[in-house]
Structures are given as C-alpha cells and as structure tokens.
Amino acid sequence: MSVTPQKNFKRELFGTDGIRGEAGEYPLDRTTVYAIGRALGQRLAERDKNASVVIGQDTRESSAGISEVLAVGLAASRVKAVSAGVITTPGVAYLTRANGMSAGIVISASHNPWHDNGIKVFGADGYKLSDELEHAIEADIFAHIGQLAAGASKADAAGYSMLPGDAKLRAQYAEWLASLVGPGNFGKLRVLVDCANGAASSVAPMVFKDCDIEADFLHIDPNGRNINARCGALHPDHVASEVAKAKGKYDLGITFDGDADRAMFSDAAGNVVNGDGVLLLAALDMKAHVLLHNDIVVATTMSNMGLEAALKRGGIRMLRAAVGDKYVLEEMMKTGATLGGEQSGHILFRDMDTTTGDGILTALRVLEVVARARKPLAELVADMKVFPQRIENVNVREKVPMDQLPPVMETIRAAELELDGNGRVVVRYSGTEKLARVMVEAESEEAIERHVKTIANALQRAIGL
C-alpha cells in the first residue's frame with residue numbers, strides 16, 4: 001500500500017511515539033505538562049490507591065524540568081514518582097514491570113534535536129499504551145487543562161529533584177541486560193560505540209563492561225544541547241567513518257539514538273548496516289536455532305525490497321506493518337512472530353522477556369551472532385541486494401489524509417503504474433513532526449529522483465509550508 005492508513009480518530013497530543021514538541025511550547029508548556037501528570041495520576045489512582053510511577057529522562061537540558069512538573073501533577077493525584085535519572089527508554093519499560101510500578105514515563109524526544117522533547121508512557125506491563133488508551137487519556141487531559149491551569153502556574157517543583165536519580169535503578173537495568181546474554185559470548189570482538197551524547201551514555205559502558213566486551217566510546221559527554229548533534233543513529237556514517245579510519249582496529253561500529261531504543265551499525269570497512277541488515281542476520285540465526293516462530297519476520301512499509309527477497313531465499317516470510325515500533329509489536333503479537341523491527345534500527349526480540357525495542361540489547365544480539373558465526377558483519381548481510389531508495393521530507397502545515405488530496409494521489413498512482421511492481425512508493429506523515437515523508441524504491445536512480453520530486457512538489461503545493 002502506498003499510503004499509510006489513518007487511524008479512525010483525530011490525534012491531538014499523542015503521535016506514534018508519545019507526545020512530542022518544542023520544550024516550553026504547547027504541548028510541553030508547564031500548564032499542559034502539569035495537566036498530563038494530574039490526569040494520568042488520577043487514572044492510576046482510581047485503580048490503585050498506592051500507585052507509583054518510575055520516571056526516566058534523556059540528556060536534554062529541558063528534561064529535568066519537565067520531569068519535575070510532571071511529578072508535581074502526579075503527586076497532586078496522590079501518585080508517587082520515583083526517578084531513575086538519565087536512562088534509556090527501554091530501561092524505563094523494564095524497571096516499570098520488574099519493580100511492580102503502576103506506569104513508567106520517559107522524558108525524551110528520541111532522535112530529535114536538543115530543543116525538542118517528549119513524554120512517553122508505559123503501562124504496568126512494560127508495553128507502550130495502545131492508541132485507544134492514549135486517546136482516552138487525551139480526553140482526560142483536555143478536560144482538566146483549564147481547571148488545572150492555576151495550579152500549574154503555582155506548582156512548586158522543589159523537592160522533586162530528578163537528577164541524578166536512583167543509581168540502583170540504572171544498575172538494575174544494566175545487570176538485567178547483561179544477564180540476557182552473559183559474559184564469554186563475544187569472543188575477542190572489539191567495537192567502537194557512539195552514544196549520541198544521549199541516554200546510552202549512562203548505561204552502555206556498564207553493560208559492555210559486564211559482558212566483557214572490549215569497547216571504546218564516542219559522544220559520551222552530554223551537555224544538554226549536544227544530544228544527536230551530528231552523531232548517533234541519525235548519522236551512522238560518523239561511527240562508520242571512524243571505524244574505517246582505524247584500519248582494522250574494530251570489528252564493527254555501533255551507534256544509538258538519543259534514548260537508545262534503536263541501534264545502527266558499521267562493518268569493519270566502514271559500511272553502514274541499518275535495521276534491515278540486522279533483521280536479516282538475526283532472522284537467519286534465529287531460524288538456525290529454531291527461535292524464529294513460524295519462520296516469520298515483521299518489518300514495516302519502509303523496509304527495503306532487498307530484505308524481503310533475501311529472507312525469502314532463506315525460507316522466511318516477511319510481513320509489513322505500519323511505521324512505528326508499537327505497530328510492529330502489535331503485528332508480532334497477532335502472528336506470534338519472535339522477530340520484528342524497522343529499517344531505522346528499532347528491533348524487537350520476542351524470544352526473550354522484552355516488551356519494547358532496545359538499542360543496547362540489539363547491539364548485544366548482533367555481537368553474539370557475529371562471534372558465534374565467526375564471520376564478519378559484512379559477510380552476514382552480504383545476501384541482501386539493496387534496491388536504491390530515497391526518502392524526502394516535506395514540511396506541512398497540517399496532516400490532511402492523503403486520500404483527500406487528489407493531485408497528490410494522482411502522482412502516487414502514476415509512479416506506481418510506471419514502476420509496475422519493480423519498485424515501491426510509500427507516502428506517510430511523520431508521527432512526531434509536521435512532515436510528510438516520500439519514499440520511492442526502484443532499480444533506476446533516475447526513476448527514483450523523478451518520482452520523489454513529482455510527489456514532493458505535489459505535496460508542497462497542496463499542504464506545504
């Protein structure tokens with residue numbers, strides 16, 4: 001399908017990965033954040049009079065303040081907030097269920113620049129909330145924003161120091177990650193790790209040390225404004241370049257995004273290996289060890305046709321879900337699949353006790369496969385012949401359903417007709433930004449450029465800024 005299906009209700013606050021925006025501006029202004037805490041707290045307190053929440057955050061300079069105001073809102077609803085300080089998104093998911101918390105909250109804008117931020121919520125089971133539940137919580141929040149505005153303006157965040165948080169919680173998560181693979185499983189591999197000046201900075205060194213992995217680290221000195229700045233999973237070419245310069249010192253490179261729920265890689269020669277490559281090597285390894293349930297892998301509409309073809313040659317069927325790791329997980333739970341993920345590096349392993357994508361765990365699993373196979377990363381992904389693919393972002397003023405934009409749909413249909421099955425067109429809105437993403441995949445670079453330009457221009461004329 002060329003156009004990502006729209007949900008049957010209008011979203012106001014929650015996107016595909018929580019609430020996101022510019023720090024200090026709606027919906028991350030003080031009043032709305034307080035209302036979010038108060039509304040969520042009331043919902044939790046109705047179920048459990050002793051409800052408690054664990055809050056974690058990334059390294060943005062706005063994260064601590066947002067956490068504190070959120071904690072004030074929760075406290076106003078008689079819900080206790082416990083801080084894990086700077087920790088990864090999957091770290092909060094784990095701590096929530098492992099410690100019997102009522103919910104987990106992450107303050108992060110993932111791969112976005114430092115001036116943005118966001119709020120993600122996990123249920124007591126460690127899973128992200130369903131779209132329907134998020135929509136219901138939105139209604140609670142809007143019902144309270146007006147009446148809570150005065151309280152928000154007077155809310156005193158003193159006494160809610162979210163940093164450094166409880167170091168024991170971070171250690172608990174790091175120890176759990178290491179226990180999933182254990183020391184001695186990685187041979188003598190040496191790796192270069194880019195922590196994106198983000199949440200991985202506080203956890204990854206502990207985990208790699210516990211696993212006896214010889215690792216050097218880049219971008220591990222956050223200052224509040226350098227998260228994702230020309231580094232991390234949005235810039236995997238950086239760690240790839242450093243690995244190549246080292247001329248054989250490293251077996252591979254690893255790079256995380258700001259909240260470390262995804263990872264990208266580099267082979268020893270400095271070639272980037274994205275989430276599609278990880279899905280291929282993990283799928284083949286899991287099938288060989290009878291861990292790939294029904295020989296199915298769940299990817300998304302953005303995964304390359306080359307991945308689908310390579311998996312098919314290995315006797316593995318690929319299903320496509322909507323973009324967003326929560327939608328990949330939904331499809332995995334429907335089909336019983338034990339492996340799924342996104343080209344962007346969100347990988348979900350359901351053959352172990354996890355509830356969300358975890359970049360550090362993904363790195364450990366990749367290292368484990370490389371060490372066990374005694375083959376370089378490049379050889380393990382060599383069977384995937386990648387179709388040329390290009391993605392162009394178009395800034396939009398509003399997210400009008402594509403089927404309500406006839407000129408845009410005409411350009412999409414014309415491109416698909418010309419490609420005639422030898423390529424794909426995917427047009428979708430970002431779930432976290434005011435962007436429309438145009439992706440064209442084909443054997444011809446000329447055709448890709450032409451169709452991307454035509455569709456992007458049609459979008460610009462229809463709803464562009």
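# Pockets, cavities and backbone details

Me: How many nonpolar, polar and charged residues are in the lining of the second largest pocket?

Reply: The lining of the second largest pocket has 13 nonpolar, 16 polar and nine charged residues. Here Ala, Val, Leu, Ile, Met, Phe, Trp, Tyr, Cys and Pro count as nonpolar, Asp, Glu, Lys and Arg as charged, and the others, Gly among them, as polar.

Me: Before going on, what kind of model is this?

Reply: This is a predicted model, in which local features need pLDDT of at least 70 and side-chain atom pairs count only at pLDDT 80 or more, while totals for chains, interfaces and linings use all residues. Residues are numbered from 1 along each chain as its sequence is written, and side-chain values use heavy atoms, with hydrogens and water left out.

Me: Back to the pocket. What volume does the second largest pocket have?

Reply: Its volume is about 870 Å³. A pocket is an open set of points, on a 1 Å grid over the protein atoms alone, with protein on both sides within 12 Å along at least five of seven lines; a cavity is a set of points where a 1.4 Å probe fits but cannot get out, and lining residues have an atom within 4 Å of a point. Grid points are joined across faces, edges and corners, and a volume is the space filled by probe spheres set on the points.

Me: Which lining residues are closest to the centre of that pocket?

Reply: Of the 38 residues that line the second largest pocket, H111, L234, R262, S344 and R437 are the closest to its centre. The elements giving two or more residues to this lining are β16 (389-395) and β18 (435-442). Helices (H or I, at least four residues) and strands (E, at least two) are DSSP runs, numbered from the N terminus.

Me: How many cavities of 30 Å³ or more does the structure hold?

Reply: The structure holds two of them.

Me: What lines the largest cavity?

Reply: The lining consists of P90, A93, Y94, R97, W176, T354, T355, T356, D358 and L361. Helix α3 (residues 89-98) supplies the largest share, four residues. By class, the lining divides into five nonpolar, three polar and two charged residues.

Me: And which residues line the second largest cavity?

Reply: T16, D17, G18, K120, V121, K128, E134 and K326 do. This lining divides into one nonpolar, two polar and five charged residues.

Me: New topic, helix packing. At what angle do α8 and α9 pack?

Reply: Helix α8 (residues 275-288) and helix α9 (residues 305-313) pack at about 5 degrees, with their axes 10 Å apart. Therefore α8 is roughly parallel to α9, a term for angles under 35 degrees. Axes are lines fitted to C-alpha atoms, for helices over the stretch in contact, and angles run from 0 to 180 degrees between N-to-C directions.

Me: Which residues meet there?

Reply: D276, L279, L280 and A283 in α8 meet L307, A310 and L311 in α9, where contact means heavy atoms within 4.5 Å. By class, this contact has six nonpolar, no polar and one charged residues.

Me: What is phi for S110, and for A196?

Reply: Phi of S110 is near 55 degrees, and that of A196 is about 60 degrees. Neither residue is a glycine. Most residues other than glycine have a negative phi.

Me: Is S110 buried or exposed?

Reply: S110 counts as buried because its relative accessibility is 2%. Buried means under 20% relative accessible area, exposed over 50%, and partly exposed in between (1.4 Å probe, protein chains only). A196 is buried as well, at 0%.

Me: Last one: where is N422, and what does N422 contact?

Reply: N422 is in the loop between α13 (406-419) and β17 (423-429). Leaving aside neighbours within four places in sequence, N422 is in contact with F387, E441, A442 and E443. At 43% relative accessibility, N422 counts as partly exposed.

Key: Parallel < 35°, antiparallel > 145°, perpendicular 65-115°, else oblique.
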